[in-house]
Amino acid sequence: MLNLERLRTLDALARHGSVRGAADGLHVTTSAVSQQMAKLEREVGQPLLAKSGRGVRLTDAGRLLADHAARIISQVELAQADVEAQRGCAVGELRIGAFPTAMRGLLPQVLSVLRAEHPELRALVREQEPEESMTSVVRGDLDLALAIDWHNKRMPVPAELTRAHLLDDSVDIAVPAGHRLADRSRISLAEFADDDWISWNEGQFCHEWLVYTLRGTGIEPRITHIAEEHHTQLAFVEAGLGVCVAPKLGRGPVPPGVRLLPVCDTVRRHVYAVWRADADRRPSIRAAVDALQKVAAGLQ
């Protein structure tokens with residue numbers, strides 16, 4: 001009899017391509033992954049992994065069994081969704097991924113609502129960038145994720161995911177208090193042609209959006225500093241090191257040496273939730289989406 005948890009481990013290895021990746025996806029240690037695989041190999045009576053340089057690869061038998069494992073796990077998840085739907089209660093564990101500003105500005109209230117309305121549901125939250133969290137939902141490492149795109153640049157959503165709009169988050173431009181435009185009530189992005197910019201990490205969707213948007217206004221962006229957190233970006237702005245985009249969601253206190261300027265052509269982010277379409281019947285997913293929409297409505 002094949003053990004389901006060991007099949008999950010094999011599936012994670014096939015999806016992530018390494019023992020470390022599988023361990024991170026399953027939230028266990030690398031030694032736990034190795035132990036589960038050793039037991040599975042004994043169960044099937046043949047090697048499933050082979051050494052490849054410093055890592056491992058699946059053998060032919062390993063790939064064959066991994067294909068079956070993916071289908072078995074999908075069927076188990078559908079069965080769990082059906083049973084949960086039959087019971088009609090949001091129970092068990094729900095794994096949620098969210099980007100940093102949503103973690104601050106949205107999730108705390110949502111988790112409070114879920115705890116009050118669904119005490120048997122245990123929500124586990126992980127901070128991730130939208131691209132990463134959507135991939136995690138597709139893989140089954142997360143049940144639901146919060147993602148964003150922009151009014152002029154949409155993020156592609158995998159076909160196997162369902163999405164629900166939560167809110168539109170308008171943004172301002174943060175400038176030092178002594179900036180030449182600091183006293184203006186509204187500004188145009190084209191007026192920042194000569195400014196240094198503080199941006200997100202290269203390769204992230206928001207960084208690509210900023211470059212794309214500034215070039216669309218005729219500006220070749222001069223990005224001089226990279227910082228992941230908005231609070232860090234604002235600290236750099238206060239020090240006179242450049243300007244940055246400042247979303248309203250999860251913004252928190254603004255340093256005294258920073259001025260926030262609305263943009264004439266409103267710049268906004270679309271915030272939404274995504275989950276696997278085959279999990280749509282789960283009451284826990286519906287409960288989380290309802291709580292997200294309830295809290296988001298109060299923020300607009």
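Visitor: Which residues line the largest cavity?

Guide: Its lining consists of Phe99, Pro100, Thr101, Glu129, Ile148, Trp200, Gln204, Cys206, Glu228, Glu229, His230 and Arg269. A cavity is a set of points on a 1 Å grid over the protein atoms alone where a 1.4 Å probe fits but cannot get out, and lining residues have an atom within 4 Å of a point. This is a predicted model, with local features needing pLDDT of at least 70, side-chain atom pairs counting only at pLDDT 80 or more, and totals for chains, interfaces and linings using all residues. Residues are numbered from 1 along each chain as its sequence is written, and side-chain values use heavy atoms, leaving out hydrogens and water.

Visitor: How much space lies in the largest cavity?

Guide: About 100 Å³, counted as the space filled by probe spheres set on the points, which are joined across faces, edges and corners.

Visitor: Switching to cores, which residues have the most contacts inside the largest nonpolar core?

Guide: Leu106, Leu144, Leu146, Trp150, Ile173, Trp197 and Val245, in a core of 62 residues. Such a core joins buried (under 20% relative accessible area, 1.4 Å probe, protein chains only) Ala, Val, Leu, Ile, Met, Phe, Trp, Tyr and Cys residues through side-chain atoms within 4.5 Å.

Visitor: What is Leu144 in contact with, leaving aside neighbours within four places in sequence?

Guide: Leu144 is in contact (heavy atoms within 4.5 Å) with residues including Arg95, Ile96, Val137, Trp275, Ile285 and Leu292.

Methods: On a 1 Å grid over the protein atoms alone, a cavity is a set of points where a 1.4 Å probe fits but cannot get out, and a pocket is an open set with protein on both sides within 12 Å along at least five of seven lines; lining residues have an atom within 4 Å of a point. Buried means under 20% relative accessible area, exposed over 50%, partly exposed in between (1.4 Å probe, protein chains only).
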